[in-house]
There are 2 protein chains.
Amino acid sequence: MLTFDMIAQAAERLQGVVSRTPLLESPLLNNALGFRLLIKPECLQETGSFKIRGAYNKIASLDEGQRNAGVVAYSSGNHAQGVAAAANAMGVEAKIVMPTDAPRIKLDNTAQWGAEVITYDRQTCDRAQIARDIAEKTGATLVPPYDDYDLMAGQGTTGLEIAEQLDVLGAKADKVICPVGGGGLIAGLSTAVLARHGDTEIWAAEPRNFDDTKRSLEAGTALSIEPGHSSICDSIVTARPGRLTFPINLKTLSGGYSVNEPDVVAAMRILFTELKVVAEPGGAVSVAAAFSNKPALQGQTIVALVSGGNVDMDSFLGWMA
Amino acid sequence: MLTFDMIAQAAERLQGVVSRTPLLESPLLNNALGFRLLIKPECLQETGSFKIRGAYNKIASLDEGQRNAGVVAYSSGNHAQGVAAAANAMGVEAKIVMPTDAPRIKLDNTAQWGAEVITYDRQTCDRAQIARDIAEKTGATLVPPYDDYDLMAGQGTTGLEIAEQLDVLGAKADKVICPVGGGGLIAGLSTAVLARHGDTEIWAAEPRNFDDTKRSLEAGTALSIEPGHSSICDSIVTARPGRLTFPINLKTLSGGYSVNEPDVVAAMRILFTELKVVAEPGGAVSVAAAFSNKPALQGQTIVALVSGGNVDMDSFLGWMA
């Protein structure tokens, strides 16, 4: 189970380890939009995404014997760096299973956090199976990307911070919009926000053709998206909602937004020019959802969480040109 | 005079008006550099630069009669937006004298903050004189860009925040490096930091050929740089130190760094890729100074203030390509 108390406990564990990212806004942008847009920039978090919150909380919840046996995870990007950095902070050995063709910078960063990087061929191997085999052989604990309650509790500390920061501003959010891949971040975030501000609606944002959570929420049951699509939002292209995350999200979320790529690029551009933060495409879908639903949001207060900023300069230049 | 008490009072006035920008760092970048680099990103401040701090404190220090008569300022960029936004927040009328050929976005933003924009021809007119004439005719108070003690006190709140944030981290800075144009920001910052942490050295960072403060510090007297140079660091290309700022800086600063343009562009790139923040060239000279003095800084803790992030996308793409 995931409870508010688990999230509050995670927040205590994370104090001094992760950054309390600010809430940013641009009054001129608000005027142009006709609604108040507050940005929670988790791109400014250590390792460039929120992932270290959940990874740290998960590893901190292990007993000494488990920690001594190390942890293992599979990821091509942000989760890899989050687990590696969290393990490093606690002096725990980490093995990270990553595809051979992952971006060099992500392989290098993960290794620089002291993790052992184990590469595999994306075409012929099942990374989850490789990680499970390592866990079985070595006794290491698997840190899954989203389907874990301690992990979700760590990600949920973003929601606790949002609620506290809104209180300081004397503001109430009509909607909090959050990028969704497997649904671990929004499961934690929604649990925390709703415990504090019961009237706020929590909405998922996903790239078109990877809007499995939106479709599943509408159907009332977990659905898979059809295969064969690609997206620039590489950090959140999951095929179906998580086994543990979806039952939570079915209760806590008000719905989902599906956004197209030109709107994602436009959102990245406005985050750059107006708010001076760097977002990766998957991190900016929440802001893209807010922009493309402008008429429906008039007069409201919207919080959009930007989940990460790990984008290489060449790709960014290409999208903005 | 500028005193620590004036800065502490400014901090109280600014509470809830300006953002308390965080201190950001990247442990992997620290490892690569061999020193700890903490970034104070004033690019994330309202209006995209620190300028609103001083402008707000200056206007807040006026009596009611003065406020009713409005304020006037001259600036081609960040100070214009800072004064316009600060005046707007207090319901004070602002007239801003800006060159006809200022970037469209800066003219527009200043107007959108509700200020009356008065344009002039950069080749034939003296903007300071135009502003003084307006002040004389209308009774408006001139808000100068740096040579004013209340203004410096407002800018100094950055230093107070840095000292407090270092205390929370349990860290002590060996050096704080700050971009310098007319010297108002660093005069306030150095006064605040030294009142709290007397052993910390405060260093100016300037673009090559506009390093008038560095040269003046070395000479012990205010010197002008020779004319005829240009720089991408448009927000800090002053010809000589301020009349009121330099005597303060001569006492408080340990020295100055002069940086070249390729190092500024490299600093902007690393701020983008490693810290996910957007810096303008003039805002990044502090980080460029830290990078280009790597051997001398080994093992130290360095705070680099990034003073602004108002860069248009086309220019950014050009520099990064």
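A:K276 sits in the loop between α13 (261–275) and α14 (281–292) of chain A; helices here are DSSP runs of H or I with at least four residues, strands are E runs of at least two, and both are numbered from the N terminus. Its phi is positive, about 60°, although A:K276 is not a glycine. With a relative accessible area of 5%, A:K276 is buried (buried is under 20% relative accessible area, exposed over 50%, partly exposed in between, with a 1.4 Å probe and protein chains only). This is a predicted model, in which local features need pLDDT of at least 70 and side-chain atom pairs count only at pLDDT 80 or more, while totals for chains, interfaces and linings use all residues. As for bookkeeping, residues are numbered from 1 along each chain as its sequence is written, chains are lettered from A and ligands numbered from 1 in the order in which they are written, and side-chain values use heavy atoms, with hydrogens and water left out.

**Another positive phi**

- A:N209 has a phi near 75°, a positive value in a residue other than glycine.
- A:N209 belongs to the loop between β7 and α11 (212–219) of chain A, and its relative accessible area of 26% makes it partly exposed.

**The annotated span**

- UniProt lists residues 17–308 of chain A as "domain: Tryptophan synthase beta chain-like PALP", in an unreviewed entry; positions follow the numbering used here, feature names are shortened, and annotations may be inferred rather than shown by experiment.
- Residues 17–308 of chain A are 47% helix and 16% strand, and the end C-alpha atoms of the span lie 18 Å apart.

**Aromatic rings**

- How many aromatic pairs does the structure hold over all chains? There are 6, where rings of Phe, Tyr and Trp (its six-membered ring) pair if their centres lie within 6.5 Å, and planes under 30 degrees apart count as stacked, over 60 as edge-to-face and the rest as tilted.
- The pair A:W203 and A:Y257 is stacked, because the ring centres are 4.7 Å apart and the planes are at 20°.
- That pair links distant parts of the chain, 54 residues apart: A:W203 is in strand β7 (residues 201–207) of chain A and A:Y257 in strand β8 (residues 255–259) of chain A.
- A:W203 counts as buried at 17% relative accessibility, and A:Y257 is buried too, at 9%.
- Ring pairs also tie A:F272, A:F316, B:F272 and B:F316 into a cluster.

**How the chains are related**

**Pocket and cavity**

- The second largest pocket holds about 980 Å³ of space. On a 1 Å grid over the protein atoms alone, a pocket is an open set with protein on both sides within 12 Å along at least five of seven lines, a cavity is a set of points where a 1.4 Å probe fits but cannot get out, and lining residues have an atom within 4 Å of a point.
- Grid points are joined across faces, edges and corners, and a volume is the space filled by probe spheres set on the points.
- Of the 38 residues lining the second largest pocket, B:S76, B:R127, B:D234, B:S235 and B:T238 lie nearest its centre.
- Helices α5 (78–90), α7 (127–138) and α10 (184–196) of chain B are the elements that give two or more residues to that lining.
- There is 1 cavity of 30 Å³ or more, and A:A69, A:G70, A:V71, A:E93, A:A94, A:K95 and A:A140 line the largest cavity.

- A:E161, in helix α9 (residues 157–169) of chain A, is buried at 9% relative accessible area.
- Beyond its neighbours within four places in sequence, A:E161 is in contact with A:S19, A:R20, A:T21, A:K40 and A:R53.
- A:E161 and A:R20 are 141 residues apart along the chain, yet their C-alpha atoms are separated by 7.3 Å.
- B:T213 lies in helix α11 (residues 212–219) of chain B and is buried, at 2%.
- Not counting residues up to four places away in sequence, B:T213 touches residues including B:V180, B:P241 and B:F246.

How values were computed:
Contact = heavy atoms within 4.5 Å.
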